[in-house]
Amino acid sequence: MTALTPATDTAIDDTPAERLRWALKDCWTIVLQEFMHLVRQPSTFAWQLGMPVMMVLMFVYVFGSAMDVTGQGAGEGYIDYAMPGLFAMTMAFGFMNTAFEVTLKKEKGFMDRFRSMPMSSSAVVTGRGIADIIHAAIDLTIIAALALIIGWRSGGSLVATLAAFGLLLWLRLALIFVGVFLGLRLKNSEAAGSLFAVAFPIGFISSVFAPPEMMPGWLGAIAAWNPVSSTANAIRELFATPGAGQGEAQYWIDGHALAGAIAWPALLMVIFIPLAIRQFQNLSR
Amino acid sequence: MASFDMAVRTTGLTKRYSNTLALDKVDLAVPAGTVHGLLGPNGAGKTTAVRILTTLTRLDEGRAQVAGLDVGTQARQVRRHIGLTGQQTAVDDLLTARQNLTMFGRLFRLDKTAARRRADELLEMFSLTEAASRVPKTFSGGMRRRLDLAASMILAPQVLFLDEPTTGLDPAGRREVWQAVRDLAGRGATVLLTTHYLDEADQLCDRISLIDDGRNLIEDTPAGLKRRIGDEHLEVTVSDPSDLPRLSEVIRRLTGAEPSVAESAGTVSAAVSDGVTSLTAVAAEVRDHQIEIADIVLRRPTLDEAFLRLTSDRPAPRKEALR
């Protein structure tokens, strides 16, 4: 029998400043891990971008010619209308990626291993979040490049254009917490895969592809108040899309797209950050 | 700071999940430097016990100490002294073996150089140096598990928890992992492992705690446990069921034990203390009596038989998944 003496825990980081420093360091280690994944498996981008890219091509070339959203005839200016919508939808669907990755971490035992280690436990989630934001920025860059190739241009100033992309990432940021909450809540990655059934209507019943004013009244109201619509409409204004933000808004929120694009994600965060934290703490039940 | 003899000690450890008692006043005492097995069927509470001891799950009642530290109030300190290899192999399939260990090293708060050095040491220790630059996707089950073990050894923990370390591995993989665990024990680590394989506990452990339905049944050495479970069984199967009475007479005479007869299977079995001697004697005798036999085997009681025997004073276990 060997008698052991507990090591004196001089290295234990108990001052708040030390803990914060380690939380940031651990977070960065996780971000690097996620990056390595992207480098090792670039096909991840292909999978996650497949859907929005297909949508761009389909709506601009297949349905686009029949769409009359400007009142100037079918196909006129549709690419300018649809592109901002597609940017917003790509961000909106991002919550599924986050949820999926979180369930995968749980399933593979990573969550347990990390939580049994002396690392900062919040890093598991914050690292995921930062990696997701960077990932989203890369997604946006790729889709924007595609949009430029097929003839889309931002009519706004450089500052306005950058602000538009900022709003898109703001929406994605809020959805990270939704994704983390769902990922912690769901049993496995299979369940996370079926989130598509929820994401689809949220993406489509919005102003992404068609103005809510053209939908039946009740549906139009839902679509107009959809957070994705606010972001889509706000960036249309920032991109100076012809017709955006002008004329009489049928729904109050339509006239306040910018405010909505800032407030909706903030509201989502107010709701889902505490939920995600509670769900994380529930892991030790 | 006081020294301690017990690397793991629990008293009255209790855990409830809504209405079921996952753990019901479990007492454990694992002396430092020993390998201790938690043996029991699926759902016995083994994993719950490990989760509590590794600070993943809160306990409801009782006390649990690891390395002399309380898992409830000193969880953060406990984490510096333990390693966990859970049921899933928690290695990143897209990072190489070395990158995996370096990443975990960084999360264990080693600086870059120290993390790299430790990664190389561990690769060497677990015979993975050759595979250091490969991704675990290409590994065999045993190699993956060894990498997983290596990842839980970054800080050379005082207590290592292995939750079903060989489940799902082929025989070669199991042997690899067993060897790795023996090596760790040889270096003085305390190991607490869960398993539902009797032979695994037998191979690796100094002492075994048998648990079922969240309760301690027995704690003993592997040899002691086997003694309690009983001897080997000689099992003879006849081709013609009409030979059964004659066969059981032969077996009774030669072994001195009361044989039990399974009519439908055409099998007679009896507990024997000197397995091989009895087997040869019976084999010779049945030939002389011209009883045609289809099969003759010696076997140890399976874990379910052992459980039934050891728990015969309790209602039969409600779990069907005994193995």
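User: Let's start in chain B: what stands opposite B:T237 in β13(B)?

Analyst: That would be B:T267. Keep in mind that this is a predicted model. The general idea is to begin with one pair like this, then look at the two strands it belongs to. Here, β11(B) and β13 of chain B (residues 267-272) run antiparallel and are joined by six bridges.

User: How do I read the order of strands in the whole sheet?

Analyst: Go across it, neighbour by neighbour. In chain B you get β12-β13-β11-β14, an open sheet of four strands with antiparallel pairing. β12 (260-262) and β14 of chain B are the edge strands; each has a single partner strand, so one side of each lacks a neighbour in the sheet. From one strand to the next, the twist averages 20°.

User: How many bridges hold β12(B) to β13(B)?

Analyst: Three, in the antiparallel sense. One of the residues to look for is B:A262, whose bridge partner in β13(B) is B:T267. Helix α9 of chain B (residues 244-255) packs on this sheet, touching β11, β12 and β13 of chain B. The helix direction makes about 5° with that of β13(B).

User: Why is β11 of chain B largely enclosed?

Analyst: Check burial residue by residue. In strand β11 (residues 232-238) of chain B, six of the seven residues are buried, so the rest of the structure largely encloses it.

User: And where do side chains point in a regular strand?

Analyst: They alternate between the two faces of the sheet.

Key:
Residues numbered from 1 in each chain as written. Chains lettered and ligands numbered in written order. Predicted model: local features only at pLDDT ≥ 70, side-chain atom pairs only at ≥ 80, totals over all residues. Buried ≥ 20, exposed ≤ 12 C-beta atoms within 10 Å, placed from the backbone. Pairing = 2+ DSSP bridges. Axes fitted to C-alpha atoms, helices over the stretch in contact; angles between N-to-C directions. Contact = placed C-beta atoms within 7 Å.
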